[in-house]
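This briefing is meant to be read with the structure open beside it. Please follow the points in order, finding each part in the structure as it is named.

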Amino acid sequence: MSDAPFIEIDRVTFGYDSRRTILNDISLTFARGKVTAVLGSSGCGKTTLLRLIGGVHAANSGRVVFDGELVDARDKAQLFRLRRRLGMLFQFGALFTDLSVFDNVAFPLREMTDLPEVLIRDIVLMKLNAVGLRGAAGLRISEVSGGMARRIALARAIALDPELIMYDEPFAGLDLVSMGVAAKLIRTLTDVTGATALLISHDVPQCMAISDWVVLMANGGRLVAQGTPAELMASEDAEVRQFVRGEPDGPIKFHYPAPPVAQDFGLERSA
Amino acid sequence: MNGLQRLGRLSLDLLASWGHGAIFFLELLRAVPAALSRFGLVVTQIRAIGNRSLVIILASGLAVGFVLALQLYNTLTNFGAAESLGLVVNLSLVRELGPVVTALLFAGRAGTSLTAEIGLMKAGEQIAAMELMAIDTRARVLAPRFIAGVIAMPLLAAMFSAVGILGAYVVAVGLIGIDAGNFWSIQQSGVDVWRDVGNGVIKSMVFGVICTAVALYQGYETEATPEGVAYATTRTVVTASLGVLAMDFLLTALMFSTP
Amino acid sequence: MNKKSTEVMVGLFVVLGAMALLFLALKAANLASFTGGGNTYTVQARFDNIGGLKARAPVRSAGVNVGRITSITLDRVTFQGVVTMDLNADVAFPKDSSAKILTAGLLGDQYIGLEPGGSEQNLGAGDVITQTQSAIVLENLIGQFLFSRAADGGSGEAE
């Protein structure tokens, strides 16, 4: 197993339009077979990072390298090849509402392979079993809860046994039990299959518990810190401390920029 | 100067949006062969678009047939031409009202549901999910619906016209008392299969292209919010209807002007 | 399975649509009378004035459809209207049959009426009908009427 990083972000700058740059000359690597968490407040560019890796957008400048191969968002054939090797878990599942649970998980198998239905059935049930939902295979999407939907989406994401699994806010909006289940699944998947996991989240405790490496980003696509969970929890840097401890005020200010209090409430004394 | 600048920007934006729409349409066409090879997808869509529009089309066709018969009878008797009631109703339906009214109803019923469906799929990241699974969403999601619309529309228009004529028959022969034999024979000698029925079919296919393409485009480009989707469905109806009416004028001039 | 029911419903939809189209084409249009299109022979006729005759208008004899007009052109030399028509192969007309331009009903479309003559030879493909009667042009009719009225009035008042 080579030591070269599986994913490399090299000095990437990106903005959806010319007015706002979301990622600014950022460089990161993601090690093979490890769970890496990308933390940061909303809008700091975490989801954009996932999209760049998936080739949905092309970086304005810099390189995105996937297993040694430069990702070109315009090369459809290459994207086709690369995307077969990755699975993405969207924030709210992004399940296909017109299909049943079984058909959702079978979707990538039916579309991307020529496997016979008998084999597909077995694979689908195995994947659902891995996430604990084998009994729910016959349900319609409208009948499943949020936590179940997330798990079904995970089963779908791993249907083709991808080498890279990207999780977009997997813990958002879940109760504690479902969160524990999700965390266990993420860790187990990487441990058992050796897949590289990329985790985007705000949830510090869960991420720290299951990640091998943590990256902290700030607004403007800036890299604040990275290291093992233990290192970040013990960090002396003000920004890192505020984020991992959830302090309401610090480098990220509590107050939105405003004129002085005296001015707004008419308390200024006339000279 | 500011007003002029704004006018300039508006026109550029308009041109850009037309260009955007044209590119979308061309890519849609390019995805058609791939969708045709998976005809099962098209069949599913025909059911969603065609079967579910049947009731409103048939009901409207019947109503229009009744009304046409009643109204035209009043005018035709003035010229002693009441016997040709069947012929006039037939031609009005087959050449014009069938394709056009069906297209307008289609835009309202099937068009809006297409727009909403695609818009919500986009909002729920289903489209993004498919793209990341390396699936060409144009061929898998959009093109089957497009083909289904183009197939369903002429069939719906034919049913509209047929039901309309039958409705007119009921009113003309049953209510008014026109001779049944004449009702049919004057139509048979006066309506040309290729010129009238055939052109009507061509018209409705063109309208099918317009309505379905507009509906898919609006759904695909909408903002992922409830207001965005609502606004998009309105735009579908308005744009498709205007497009149909404009195209109708063009086609009628081409097909039915005296040589 | 759901797939089967979808296919059945769509099949039903397509069948209904096809039936509607057939109904329109056969019952409500002239496709049925088209089927004589198999065997025909072509003849021509020349008229001084074809009036409102159009291509694809029917050719009738004794009111029964026996053929269809295929084209109408102007002869640049004689300035007559040349009407080309296809007649059903199973109906033979004598060589001296006459062709008249008649109107269906009072305000209807015009068609060609063939009246058989007495010749023992029949019209063959490519023959020209020599006896023709042009369409009645309303203006000429009115002009004739006024002229004859004026003539009557003039002779009546001649003193």
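**Where the chains meet, and what lies inside them**

Where chain B and chain C meet, the contact draws on 24 residues from chain B and 21 residues from chain C. The model is a predicted one, and the points below are grouped by topic, beginning with the contacts between chains.

**Contacts between chains**

- On the side of chain B that touches chain C, at least two residues come from each of helix H2 (39-49), helix H4 (85-123), H6, helix H7 (180-190) and helix H8 (193-221) of chain B.
- Of these elements, H6(B) gives the most to the side of chain B that touches chain C, with six residues.
- Sorted by class, the side of chain B that touches chain C has 13 nonpolar, eight polar and three charged residues.
- Chain B also touches chain A, in a contact that takes 10 residues from chain B and 13 residues from chain A.
- On the side of chain B that touches chain A, six residues are nonpolar, two are polar and two are charged.

**Two helices of chain B**

- Two packed helices are described by the angle between their axes and the distance between the axes.
- In chain B, the axes of helix H1 (residues 2-36) and helix H6 (residues 137-176) come within 8 Å and cross at roughly 90°.
- Because angles of 65 to 115 degrees count as roughly perpendicular, H1(B) and H6(B) are described as roughly perpendicular to each other.
- The residues of H1(B) that take part include B:Leu28, B:Ala31 and B:Val32, while among those of H6(B) are B:Leu142, B:Phe146 and B:Ile147.
- The contact of H1(B) with H6(B) is made up of 12 nonpolar residues, no polar residues and two charged residues.

**The make-up of chain C**

- Chain C has two helices and eight strands, and along the sequence these follow the pattern α-β-β-β-β-β-β-β-β-α.
- Chain C has 159 residues, of which 23% count as buried.
- Among the contacts in chain C with a separation of 6 or more, 63% are between residues 24 or more positions apart.

**One residue of chain A**

- A:Ala149 belongs to helix H5 (residues 146-157) of chain A.
- Because 17 other C-beta atoms lie within 10 Å, A:Ala149 counts as partly exposed.
- Leaving aside residues up to four places away in sequence, A:Ala149 touches A:Gly93, A:Leu95 and A:Val144.
- Although A:Ala149 and A:Phe92 are 57 residues apart along the chain, their C-alpha atoms are separated by 7.5 Å.

Note on methods:
Residues numbered from 1 in each chain as written. Chains lettered and ligands numbered in written order. Predicted model: local features only at pLDDT ≥ 70, side-chain atom pairs only at ≥ 80, totals over all residues. Contact = placed C-beta atoms within 7 Å. Nonpolar A, V, L, I, M, F, W, Y, C, P; charged D, E, K, R; others polar. Helix = DSSP H or I, 4+ residues; strand = E, 2+ residues; numbered from the N terminus. Buried ≥ 20, exposed ≤ 12 C-beta atoms within 10 Å, placed from the backbone. Axes fitted to C-alpha atoms, helices over the stretch in contact; angles between N-to-C directions. Parallel < 35°, antiparallel > 145°, perpendicular 65-115°, else oblique.
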